[in-house]
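This report describes a protein for a reader who is new to structural models. Please look at the sequence and the structure before reading on.

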Amino acid sequence: MQKSHGFTDYFIDGEGFVSASLETGEVSPETSSENEATGANLHHADHQPKLRFGRMFDNLDPHKADDDKLVTLGQAMLNGPDLGDHTGLPAGYTYLAQFIAHDVSFDENNNIPAADVAADGLIQLRTPSLDLDSLYGEGPYSDADRRLYDEYDSAKLKIGKTTAASPGSIDREYWNDLRREEGSPRAIIKDHRNDDNLALAQTHVAFIKFHNKVVDLLRDKNLSGRELFEEAQKKVVEHYQWIILDDLLPKIVDVEILQRAIANRANPEHFRPAEKGVPFMPVEFSLAAFRLGHSMVRDTYDWNRVFQSPDQLETHAATLADIVRLTGFRGNLAGSLKLPSSWIIDWTRFYDFTGHNGIANNPNFNWSKKIDTTLVRALKDFEIFFRHINEERFRSLAVIDLIRGRRLKLPSGQEVARALKVPPMSAIQLTQYPHGDVVSKTGFDKETPLWYYILKEAQVYRRGERLGPVGSYILAETFVQLIRASRISILKDENFTKDGYFTWRPDLGQIEPDRFAMADLLVFAQVVNPLGA
C-alpha cells in the first residue's frame, strides 16, 4: 500500500494557491428517546449557538420528483450488482466519515417529513464547527457533561471495560469499550449515535484513548487542572482537523478542488455561511455529498483474529448485522451489558500502517466498496434501521436518502453543476450501467436527484475511486468553512504566510514530520490491535 500525501503538498511546495412535520405530525417515541440520549436537551442558548440547516445554493429551484419514481430508483440501487471494492480506500474511513458526520450534523428528527420542509427552519444539535463536541460535550467543568469524564482524573474521558467471552477463548477483560450505564448497555457518551454500530463505537473509543494519551503527554510537561484539559483538547482537535484535510479528504475528493477551497478560505466561491448571519449546515452536504459513505459500506468485514475468513475458529467474518447488534444504541450487545472481548476490532484490517515499525497490515484486509450508485444488499431490509418509518415502501436506506432529499427541496444534480460552472453529465453518462433503464424511464437522465447524481459522477468520471467535481466542491468548501469557523482551528489566518504558505504542522506523527493520518492516531493511542495477530 502507498501512503497518500494530502493537500499540504500544494502549500509546502509554495505554489500559493429539525423539527419538521412527520408523517404522523408528531415526534415518534424513537426520535424522542434518541434526542434525550444524545444530550439534545443540554445544548442551551447560552452556549455556542445551534447550527441551523440551510442551502449552499439557495437560489436554485428544488428538484421535483414523484415519490414512486424515487422508490423505484432507490430499490434499484439496493438490487444492483456489486461493482467491486475500492482498493485504494481502507474500510476504516467509512466509519471515520460517519464519526465526522455526527460531529457536524444532527437533525433532531430522523423520520421522513410528510411534505416539503424549509431547510433553514430546521435546527440541529451539533455546533457549527469541527470541534469534536460529540466527544467532549461541554467539557469536564460543565454540570451537563461532567459524567463523560473520569471521576479521579477530570482531564480524561471515561473508558469502559469489555467482558471476557468466547468464542476464541478471550478470557480476560480489556479497557477497550465505551463506558456504559450501570445495569444497562447504554453508552455514556455525548452523542449516542456513535454507538450505532461497532466499527463506529470502536472509532469513538480510539478518540477517547487518543485524548487520554495526549493528557499524559502534556501532564509530563507540568500542565495541570483546567489548563491541562484545554491544551489536550486543543491538540486533539487540531490533529483531528489535519486528519480530515490531509488524510480523509484527499482520498475521496478532487485534490485540486480541495486546494482551491483552502486557498479561497477567506472568500469562498459557493459556501458563504457568514452571509446569513447564523452559521448553518448546507443540506447539499448533509443530505447528498457526505452520504457517499452509504455506498462504501460492506456486507461483511474480517474483524479480528476471532471473526475472520477463511474460517479458522468455527466462527465467521463479521456481518453488518453483527456490528449493529453489538451496540447499546440499536442492538443489545448480544444480550450482554458490555462488549465481549472477542469483538474488539483489529485496526490492521481497516487502515494502512505501512511504514509503522513493528505493525503490519493484516492479509485479510478490508477495503471500502467503491463510491458508486450501488449499495450492499444488507442495507435493503435491515429492520432495526427503519422501525421509525411509517410507510413500508420507504424502509430502505437508499429510498430514505432520496425521499429526504426531495422533502428538503434539494436542487437537481444538473442545477448544482451549472451553478458551479461545471458541464452537467449527459443523459448517455447518466444511463450507463447498472441502472440505465430505471434512470431513463423515470426521467432522471434529464433532472437527477442530487445524491444519486454525485454518486454517478464518481462512478463515471473517477471509476468509483473519488468524487467528481460537484461532490468535491460541496465537501471541500463545507469542510474548509466548518474548520475555519471552529474556535480551535488550524485554518486561522495566522497559520498562513502572506504568500499562502500553510505553517501549522502536526507534532504527534509516528513516521515522519508533517504527516499525521488516522493510522498515526491509532498508534499513538495504543489501540491498534489489542487482541494480537
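## Confidence in the model

What pLDDT does the protein average? The average is 85, and 81% of the residues score at least 70; pLDDT is the predictor's confidence in each residue, from 0 to 100. Over residues 2–49 the pLDDT is below 50, and this stretch has 121 contacts in the model beyond near neighbours in sequence (contact means heavy atoms within 4.5 Å). Where pLDDT is low, the predicted coordinates should not be read in detail.

This is a predicted model, in which local features need pLDDT of at least 70 and side-chain atom pairs count only at pLDDT 80 or more, while totals for chains, interfaces and linings use all residues. Residues are numbered from 1 along each chain as its sequence is written, and side-chain values use heavy atoms, with hydrogens and water left out.

## Overall composition

The secondary structure comprises 19 helices and six strands; these are DSSP runs numbered from the N terminus, helices being H or I of at least four residues and strands E of at least two. Of the 533 residues, 61% count as buried (buried means under 20% relative accessible area, exposed over 50%, and partly exposed in between, with a 1.4 Å probe and protein chains only).

The largest share of the lining, four residues, comes from α13. Both α13 (397–407) and α17 (450–462) supply at least two lining residues each.

## Backbone features in loops

Most residues other than glycine have a negative phi, and most peptide bonds are trans. Lys409, in the loop between α13 and α14 (413–419), has a positive phi of about 60° and is partly exposed, with a relative accessible area of 26%. Arg463, in the loop between α17 and α18 (469–484), has a positive phi near 55°; Arg463 is exposed, at 61% relative accessible area.

Tyr433 and Pro434 are joined by a cis peptide bond, with omega about 15°. Pro434 is found in the loop between α15 (427–430) and α16 (436–442).
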